[in-house]
Amino acid sequence: MRSTLRSTRRAPLHRRTTARIAAAVVAGTLALTATACGGDGDDDGKKGGGGKDDGASVQLPKLDGENVSVSAVWGGSERKVFLKVLEEFEKRTGAKVSFVPAQDPIISFLESKVAGGEPPDVAMLPQVGAIEQAVENKWAKPVGAEAQKQLDKNYAKGWQELGAVDGEQYGVYFKAANKSLVWYNTRVFENAGVSEPKTWDDFMKTAQTIYDSGVPPVSVAGAEAWTLTDWFENIYLSQAGPEKYDQLAQHKIKWTDPSVKEALTTLGELFGKKGFIAGGADGALQTEFPASVKQTFKGGDQPKAGMVFEGDMVSLPISETKAKVGTDAKVFPFPAVGEESPAVVGGDAAVALKDSKGAQALLTFLASPDAAEIWAEAGGFISPNKSLDLAAYPNDVQRSIAKALIAAGDDIRFDMSDQAPQAFGGTPGKGEWKALQDFLKNPKDVEGTQQTLETAAAKAYKD
């Protein structure tokens with residue numbers, strides 16, 4: 001597998017200050033504990049629902065008889081909702097869409113498909129580095145004129161730049177994520193007599209009090225190591241600051257840097273505290289993301305954990321329990337380790353891998369608010385599409401998160417591991433994912449973890 005291109009090939013978005021997005025996300029999420037309503041009345045006048053073109057914001061070509069294939073790593077609830085988006089595209093165009101399940105890392109999966117002469121028409125790429133690699137490998141096709149019109153109309157320049165390489169637009173960011181949130185079981189907090197912490201010190205004190213009340217304080221999805229990279233990135237951004245964050249993301253400083261040692265030491269305070277992680281390290285390493293959420297909100301007064309860290313997508317697994325977002329499940333910004341709470345975002349971009357009318361039509365649809373509205377109504381989804389009516393979101397919690405993301409405009413800090421070559425930042429059992437899983441098992445080995453990370457990074461970045 002080829003290495004991704006270095007970040008110097010894309011616009012310098014990630015070198016901008018995070019001050020505005022941090023303020024916006026914190027302001028928005030501080031309001032998340034307001035009462036969350038279940039829905040917003042009828043669907044009259046809403047775009048995209050029911051397969052009708054009435055009131056549609058975008059006109060799509062007729063594609064009767066054309067087959068369009070779409071590949072993504074989404075499974076479970078996410079796949080079910082995305083299939084509804086694709087069904088709407090079918091209704092509007094007459095095309096037949098097939099979903100091709102992919103495995104992580106998706107670049108390796110696509111490499112095998114391309115080699116076999118059967119690439120999908122469109123792939124949903126979850127990393128900035130994956131878009132760059134698809135371009136380097138000459139798989140990706142630039143977005144067409146109609147898709148670009150939708151991007152110019154509906155997206156801040158920053159989100160467009162994240163999908164561009166060498167000034168050419170390739171990606172349409174359909175799904176975004178605010179990855180700087182901590183969700184908590186309100187009954188656990190009430191029973192322990194604690195409130196939402198604002199700093200890391202307060203977070204650790206809150207965790208201790210919850211532990212003393214008889215509930216493990218934190219659920220960690222260690223089986224899916226991307227969650228561990230998110231833990232590190234939030235601590236690092238808040239503690240080391242945005243300039244260091246950008247330097248480490250580009251491997252302009254080494255993972256043996258003292259700033260990395262400080263962040264790992266801080267994370268180790270949590271991972272290494274006996275009883276703080278639900279199931280201990282061994283249990284966490286066998287816990288996948290949906291289970292990490294559900295075990296926090298099942299079990300009445302005695303769930304397996306009181307809090308779970310992750311982005312806005314947490315609300316989707318919550319919806320599969322009896323807990324209600326805004327009452328049983330509330331959220332606060334990731335606690336400030338340094339001067340400010342961090343604000344890390346991620347996202348999934350649609351990239352065309354074939355020069356086909358169907359592929360371009362799907363990119364155009366996914367860049368419209370019509371497509372975004374379908375998933376927004378289902379929950380567990382935040383769109384970077386600024387033209388999407390916030391009323392589409394099912395509750396005040398998600399509306400607040402989405403509003404903060406849109407208000408941030410161009411000033412966003414993208415997930416660090418998603419900017420890295422996939423061999424380092426996005427491959428199960430390798431690179432950063434493996435190193436942080438090992439660190440979860442042995443959080444005292446800070447220097448050894450740093451060296452392992454640096455060795456893998458140097459190889460992946462081809463330094």
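The buried residues of helix H3 pack against strand S1 (67–72), strand S2 (96–101), strand S3 (122–125), helix H4 (128–136) and helix H19 (422–425), contact being defined as heavy atoms within 4.5 Å. Helices (H or I, at least four residues) and strands (E, at least two) are DSSP runs numbered from the N terminus. The model is a predicted one, in which local features need pLDDT of at least 70 and side-chain atom pairs count only at pLDDT 80 or more, while totals for chains, interfaces and linings use all residues. Residues are numbered from 1 along each chain as its sequence is written, and side-chain values use heavy atoms, with hydrogens and water left out.

Helix H3 spans residues 106–115, and its buried residues are Ile 106, Ile 107, Phe 109 and Leu 110. Viewed down the axis of H3, these residues fall within an arc of 155° and so line one face of the helix; the arc is that of the directions from the helix axis to the C-beta atoms. Buried denotes under 20% relative accessible area, exposed over 50%, and partly exposed in between (1.4 Å probe, protein chains only). Just after H3, Gly 117 adopts a positive phi of about 75°.

The largest pocket has a volume of about 930 Å³. Of the 37 residues lining this pocket, Val 73, Trp 74, Glu 78, Glu 224 and Trp 226 are the closest to its centre. A pocket is an open set of points on a 1 Å grid over the protein atoms alone, where a 1.4 Å probe fits, with protein on both sides within 12 Å along at least five of seven lines; lining residues have an atom within 4 Å of a point. Among the elements that each supply at least two lining residues are helix H2 (76–93), strand S6 (171–178), helix H9 (226–240) and helix H20 (431–441).

An open sheet is formed by 4 strands in the order S8-S9-S7-S10, with mixed pairing; two strands pair if DSSP finds at least two bridges between them. Strand S8 (218–219) and strand S10 (329–333) are the edge strands, each pairing on one side only. Strand S7 (residues 181–185) runs antiparallel to S10 and is joined to S10 by 5 bridges. Leu 181 stands opposite Pro 333 in S10.

Pro 61 is located in the loop between helix H1 (19–30) and S1. Pro 61 counts as partly exposed because its relative accessibility is 28%. Pro 61 touches Thr 93, Lys 357 and Ala 361, residues up to four places away in sequence not being counted.

How values were computed
Grid points are joined across faces, edges and corners, and a volume is the space filled by probe spheres set on the points.
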